[in-house]
Amino acid sequence: MEKLINCLWFDHGEARKAAEFYAATFPDSRVGETTKAPTDFPGGKEGVELTVEFTVLNRPFLGLNGGPEFKPNEAVSFQVMTEDQEETDRYWNAIINSGGLAKESECGWCRDRWGFAWQITPRQLNEGIRDRDPSTAKRVMEAMMTMKKFDVAKIEAASRGEKANA
């Protein structure tokens, strides 16, 4: 039994859709058990799907079909570390093309159709920003600040002190 599980609040009937999307998008992800409401509750009736257990990248989550009262915001986000441009593109594109509230934002941030914030982050970015040479870290950070979806070639060029080809 997990000691700590993130519970994500969804509008009625959306938790399973989100869990299925995440499981189809990320490896080591799956949809697990569901719980039906044993009685009526504020905003819901007995027998409706109340919760959905799921994992994303081997991390457990519980989706709660709580209703429209609460909305996600950027105060909490999911950062997914990627190895290369292909993996970065695959996750980024899946999230921003998921419909609903999905959109891209600055510095590698995007939102999925349910409004949850994601940071699809290539390892090269973190390595560059953590570089022991302050001028390298500065160049990588400055390059990052010009991007929406991260461009690994531009990050690597900034790390080397070169201009990336457009």
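In what sense do strand β7 and strand β8 pair, and over how many bridges? I found that β7 (residues 109–111) and β8 (residues 117–122) pair in the antiparallel sense over three bridges. Pairing here needs at least two bridges found by DSSP between the strands. Strands are DSSP runs of E of at least two residues, helices runs of H or I of at least four, both numbered from the N terminus. I looked up W109 too: its bridge partner in β8 is Q119.

Note on the source: this is a predicted model, where local features need pLDDT of at least 70 and side-chain atom pairs count only at pLDDT 80 or more, while totals for chains, interfaces and linings use all residues. Residues are numbered from 1 along each chain as its sequence is written, and side-chain values use heavy atoms, leaving out hydrogens and water.

Next, the whole sheet. I read an open sheet of four strands with mixed pairing, in the order β5-β8-β7-β6. The edge strands, β5 (77–82) and β6 (103–104), each pair on one side only.

Then the helices. I see α2 (residues 85–96) lying across β5, β6, β7 and β8, at about 165° to β8. Such angles run from 0 to 180 degrees between N-to-C directions, with axes fitted to C-alpha atoms, for helices over the stretch in contact.

Last, α4 (residues 134–144) and α5 (residues 152–160): their axes come within 8 Å and cross at roughly 150°. The two are therefore roughly antiparallel, a label for angles over 145 degrees. For contacts (heavy atoms within 4.5 Å), I noted T136, R139, V140 and A143 in α4 meeting I155, A158, S159 and R160 in α5.

Conventions:
Angles under 35 degrees count as roughly parallel, over 145 as roughly antiparallel, 65 to 115 as roughly perpendicular and the rest as oblique.
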